[in-house]
Amino acid sequence: MKYNILKVKITNRCNRDCYFCVFNSIETGYDLSFEEYKIIIEKLKKLQFNKFHINGGEPLIHPQFMEMTKYAKEAFHNVKMVLGTNAILLHNMDIINFVSDYYDEICIGCDLEHKNIEYVEKVVPQIINRNKNIKIIINSIIEYTNSAFSERLDKLKERFSDQMILVNNNVYHVKEGKPINQLTSLCVHNTSSNLLIQENGECYRCFNSEVPEDREFNIFDSDFETNVHQRHMTHYKYCAWCKAYKE
């Protein structure tokens, strides 16, 4: 089995307090320790995958973000490095240069709730000027945008059309009013192509699953290697992006 993306959340803390997000505090929360992270990396070496995605919360908050990036880069060969961030802490050239040199893709959440359009407009050109091969994916929640905001993103996309992708999503992880997946069959639509690892080691094979209700297993379990190759045998509670989803 070959995974498309392995996503590791190195922290559940964030420097923004967005209504729709489950991560909303920089003061409280949990950072994955470097020792735990190294154990996770060693376990992931036994899997085949295309992309390694470091995420959070806001991963740039983690005090050992750079060390974690370097460790993964050295551990995984011929694997694309992906960073998920709100770009707010990409505030100086040292950080921008580091991210540009170590990552192949930067995924940036940008909408009215993030209050980060000025940061995005500033750092995207700097990143692309540093790395002409890097891809920038801007993920904007359409419920939290307006026409003026969208025009600014469109202008940025037009300027860097070869390296930037603009994705508009509906809110699917709001805190209230989440629809429940009414599928009556097994979840066979997601064929374990992605693996999400929370900062506490809990694993999910669908990025749209409901945390923590859809927990499948833990990467620190002694039988992790067996579990990670098992087919998911029950439908997830929340899979709004699944084509067979029905409210």
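View 1. Thr11 counts as buried because its relative accessibility is 0% (buried is under 20% relative accessible area, exposed over 50%, partly exposed in between, with a 1.4 Å probe and protein chains only). This is a predicted model, where local features need pLDDT of at least 70, side-chain atom pairs count only at pLDDT 80 or more, and totals for chains, interfaces and linings use all residues. Residues are numbered from 1 along each chain as its sequence is written, and side-chain values use heavy atoms, with hydrogens and water left out. You'll find Thr11 in the loop between strand S1 (2-9) and H1 (helices, H or I of at least four residues, and strands, E of at least two, are DSSP runs numbered from the N terminus). A polar atom of the Thr11 side chain lies 3.0 Å from the backbone nitrogen of Arg13. Setting aside residues up to four places away in sequence, Thr11 touches, among others, Tyr30, Asn55, His62 and Glu199 (contact means heavy atoms within 4.5 Å).

**View 2. Glu199, buried without a salt bridge.** Glu199 sits in the loop between strand S7 (194-197) and strand S8 (202-204). The nearest side chain of opposite charge is Lys9, 6.8 Å away (Lys and Arg count as positive, Asp and Glu as negative, and His and the chain ends are not counted; a salt bridge is a side-chain nitrogen of Lys or Arg within 4 Å of a carboxyl oxygen of Asp or Glu). What the Glu199 side chain does make is a polar contact with the side chain of Asn12, at 3.2 Å (N or O atoms within 3.5 Å; within protein, one able to donate a hydrogen and the other to accept it, with residues adjacent in sequence counted only if both atoms are side-chain atoms).

**View 3. Phe34 and Tyr71, an edge-to-face pair.** Nine aromatic pairs turn up in the structure (rings of Phe, Tyr and Trp, its six-membered ring, with centres within 6.5 Å; planes under 30 degrees apart are stacked, over 60 edge-to-face, the rest tilted). Here, Phe34 and Tyr71 are 5.9 Å centre to centre, with 80° between the planes. The pair links distant parts of the chain, with Phe34 in helix H1 (residues 34-44) and Tyr71 in helix H2 (residues 65-75), 37 residues apart. Phe34 is buried at 17% relative accessibility, while Tyr71 is partly exposed at 25%.

**View 4. Phe49 and Phe76, both buried.** The ring centres of Phe49 and Phe76 are 4.9 Å apart and their planes are at 85°, so this pair is edge-to-face.
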